[in-house]
Amino acid sequence: GFIDIPEGDHRAKICRVKSGKWESECRWYELTFQVSGYHGRFWHRMYYDPKHKYRGVDDKKLFLFFLSFGIEDRDPTHYKNWVGASGAIRIKHKSFEDGFEAQYVQFLCGAQRDKLPSWEDAPDGLPLCFSHNDIF
């Protein structure tokens, strides 16, 4: 069976990125992460509006993502170059009244990222994790 990745701070690597754009100029990215110490993948969808500038980058969440994963080319149209980057994420679980559960992601930077242990491959026998997440 599948397991959720537990809450907390984790090292992560970007395995795949897909992108799309709406007529309103808003863009979305579907990021696929490998999480340190776990088999399987974690999907995270990130949305942003280019009208919201933060330190010269479109959207604060995108800015923090770039910092966390050490992405120097901050042109959001160069998203294919993000694959292989390593960074850090904080996973939080949330339950809703209708029974739906989700995992939310924050991108960790600086000391929060640097204090995490080095990358660990998943141990043999650990169940496969599969998580999907939408963040607006």
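The questions below concern a predicted model of one chain and ask what lies behind the terms applied to it.

Q: What is the secondary structure of the chain, and how do its elements run from the N terminus on?
A: The chain has two helices and nine strands. Their order from the N terminus is β-β-β-β-β-β-α-β-β-α-β.

Q: Why is Ser-36 called buried?
A: The relative accessible area of Ser-36 is 13%. Buried means under 20%, so Ser-36 is classed as buried. Ser-36 sits in the loop between strand E3 (27-35) and strand E4 (39-48).

Q: What makes the pair of Ser-36 and Glu-120 close enough for a polar contact?
A: A polar atom of the Ser-36 side chain lies 2.9 Å from the backbone nitrogen of Glu-120. The cut-off for N or O atoms is 3.5 Å, so the distance falls within it.

Q: Which residues does Ser-36 contact, leaving aside its neighbours within four places in sequence?
A: They are Arg-11, Ser-118, Trp-119 and Glu-120. Of these, Arg-11 also stands opposite Ala-88 in E7.

Q: Why is Leu-108 called buried?
A: Leu-108 has a relative accessible area of 2%. The limit is under 20%, so Leu-108 counts as buried. Its place is in the loop between strand E8 (101-107) and H2.

Q: How far apart are Leu-108 and Ser-68 in sequence and in space?
A: They are 40 residues apart in sequence, and their C-alpha atoms are 5.5 Å apart. Ser-68 is also among the residues that Leu-108 touches beyond four places in sequence, together with Asp-9, Ala-88, Ile-89, Arg-90, Arg-113 and Leu-116.

Q: How do you know that E2 pairs with E7 and with E3?
A: Strand E2 (residues 8-21) and strand E7 (residues 86-95) share six bridges, and E2 and E3 share nine. In the second, Val-17 stands opposite Leu-31.

Q: Which residue takes a positive phi in the hairpin of E2 and E3?
A: Glu-25 does, near 80 degrees; the hairpin has five residues between the strands.

Q: What is the predictor's confidence in the chain and its elements?
A: The mean pLDDT of the chain is 80, with 81% of its residues at 70 or more.

Note on methods: Residues are numbered from 1 along each chain as its sequence is written. Side-chain values use heavy atoms; hydrogens and water are left out. Helices (H or I, at least four residues) and strands (E, at least two) are DSSP runs, numbered from the N terminus. Buried means under 20% relative accessible area, exposed over 50%, partly exposed in between (1.4 Å probe, protein chains only). A polar contact is a pair of N or O atoms within 3.5 Å; within protein, one must be able to donate a hydrogen and the other to accept it, and residues adjacent in sequence count only if both atoms are side-chain atoms. Contact means heavy atoms within 4.5 Å. pLDDT is the predictor's confidence in each residue, from 0 to 100. Two strands pair if DSSP finds at least two bridges between them.
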